[in-house]
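Student: Could you help me learn to read a protein model? I would like to go feature by feature.
Tutor: Gladly! Let's look at it together.

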Amino acid sequence: MRTIIECEIDCFFVSRHFPGQRGVPLAQQPGSFNEIHARLFELQRNERLFLHPMSNAKKVRVRFAPSPTGGLHLGGVRTVLFNYLFAKQQGGDFILRIEDTDQSRFVPGAEEYITETLRWCGLNPDESPAQGGPFAPYRQSERKAGYLQYAEQLVQQGNAYYAFDTPQELEDMRNNYKTAENPSPQYNHALRSKMRNSVSLGEEATRELLANGTPYVIRIKMPENETVHLTDMIRGEVSFQTSQVDDKVLLKADGMPTYHLAVVVDDYLMQITHAFRGEEWLPSAPVHVLVWRYLFGEENMPQWAHLPLILKPDGNGKLSKRDGDRLGFPVFAMNWTDPRSNEFTQGFRERGFLPEAFVNMLAVLGWNDGSEQELFTLDELVQKFSMDRVHKGGAKFNYEKAKWFNQEWIKKLPVAAYQPLVKDILQQADINIADDALLTKVLELVKDRCTLLTDFVQQAGFFFKQPETIDTAAIKPKWDDKKQLFFVELIRAYELDASWEHDELEKIFKEIAAAHQIKPGDLMMPLRVMLVGGKFGPGVFDIAVLIGRDNTIRRIKHTLQLLQQA
RNA sequence: GGCGCGUUGGUCAAUCGGCUAAGACGCCUCCCUUUCACGGAGGAAUGACGGGUUCGACUCCCGUACGCGCUACCA
């Protein structure tokens, strides 16, 4: 894929990266576009190269524009991430804009949820509804007044028209024209003349309907036979026949714009330079290109990038919240309770994911840096991210791999980075932490055994609280009086030991075992079960050292009692 | 149905015309470990199909198949 950006600029540089990427210039190329073009062909023999305009460089501005209809899903967060990485790498701004033009779908709390998700991930916007900015307001519902004039301008220019069809009439149209070959007839250039609109009705009738206050929408008038081209940063050249695209509604009867009008107007007004969105938007891209052309000029249009979809792990198709419920993994970033249905959905955060891992995992779903590196900090991602290494095809989500990333991050990060989070989780599980220094030591000792933050409840809990249940079944089959005696004597010896150090405890243990003629290995497991409740955890003497003499002895005695009862 | 986009192991993926096709997750075997993990060594497993172009194709071109997306006064 080779892409050349055409523009009247007098200086270019050449690099391996797509225009808009930072890239290291391979050569400065002063001269006219055509002169450089000729030289580029020489250079391009062995490499894919791109031309970058040097002057007239606008500051990069990208936006994430969700509609606040519920929890933020994986794909949404990845779109945020790619926006953020691109912007920060370019020294640009990342803007959060809320697309709430559909009032019937408004969900209270959804916007706050989005803001909080971005905060959790460390992907904070430079401008947003909450913090404001030079292009406020950032909620489309609050910009309502502005859209009408653009829609009317399109009508005046002959690029759009008023349509008075009622919902019933639209439904009738679809039913009447539906055939086996064409199951979903479109409101397009062919049908336009058969419907009730300013094209079919004429000026006078239209004026009258308008004057009477008849509800209307404004639809784009798609040209009959044109090819609309689009250079996508990921897919390269994409083209559409306008005859295949319908006359999309731009302004709704309630005066609100549809997405198709609002994206264009707001991207223009907010001076957005690069627009990233999911691949599902590609089919409506020609509408947006045309609105740009008619309203603000295609040369001012942001560069588009249609991101590949995140697919469900089994079968094919877009990953949905339902798939997570069905397969047992989160899909939303954080907990979400739908205020209308009261339906609760667990998020990655509450499931025990670190934001570092969550972000890392999303970054490499559809992108990689070409090396073998898989673990990236946000800063590294900002440095290494490049749009030309984003995949075209969708990627199936793999929860096992997601967990692996979390495990790696638990190992990689200093304990201090997540100690407060773990403390919180432990306390929620009714395990109180009085000694933070002790908690640090414990976490250091058990972190390799945890995949999710919630795993610390099992792995660290017994250091602070006597196990509620003891897996005596793991001891009993091989239990006998000799072993009973061993432990009685061990208690006595441990009561007398002054050091309470790892090596000393082990030495005492082995000496007594030898005296009783029992292999230490046969006693290690029982001791472990006595101290932690089950067959898991770090070295037994490490545990004994940390929980202290009193707890160690108390737990041994407790289990001895349990064994006798049975 | 139409239109658009995609297609390398089970999954994520490298490859930019020289391939004996990396690496990771998962799976299996072994080592380390008197538990569970971590770690280490190894193994099974991949270019949808058919045509071109080329000395040479996973890589470029064209078809076919399959998958997905869109086809609302939703985004």
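Tutor: Keep in mind that this is a predicted model. Let's begin with Gly 297: this residue, just after helix H10, takes a positive phi of about 90°.

Student: Which residues touch the most other members in the largest nonpolar core?
Tutor: Four phenylalanines do: Phe 358, Phe 397, Phe 456 and Phe 487, in a core of 112 residues. Helix H22 (residues 540-565) gives this core its largest share, 10 residues. There is also a second, separate core of 38 residues, including Tyr 150 and Met 301.

Student: What is Phe 456 in contact with, leaving aside its neighbours within four places in sequence?
Tutor: Its partners include Ile 410, Tyr 418, Leu 443 and Cys 450, and also Lys 447 and Gly 461.

Student: How do I read a sheet?
Tutor: Strands of a sheet pair through backbone hydrogen bonds, either parallel or antiparallel. Here, one open sheet has three strands in the order E6-E7-E10, with antiparallel pairing. Strands E6 (160-163) and E10 (249-251) are the edges, each pairing on one side only. From one strand to the next, the twist averages 45°.

Student: How many bridges join E7 to E10?
Tutor: Two bridges join them, and E7 covers residues 217-220. You can find Arg 219 standing opposite Val 249 in E10.

Conventions:
Residues numbered from 1 in each chain as written. Chains lettered and ligands numbered in written order. Predicted model: local features only at pLDDT ≥ 70, side-chain atom pairs only at ≥ 80, totals over all residues. Heavy atoms only, no water. Core = buried A, V, L, I, M, F, W, Y, C linked by side-chain atoms within 4.5 Å. Buried < 20%, exposed > 50% of the residue type's maximum accessible area, 1.4 Å probe, protein only. Helix = DSSP H or I, 4+ residues; strand = E, 2+ residues; numbered from the N terminus. Contact = heavy atoms within 4.5 Å. Pairing = 2+ DSSP bridges. Axes fitted to C-alpha atoms, helices over the stretch in contact; angles between N-to-C directions.
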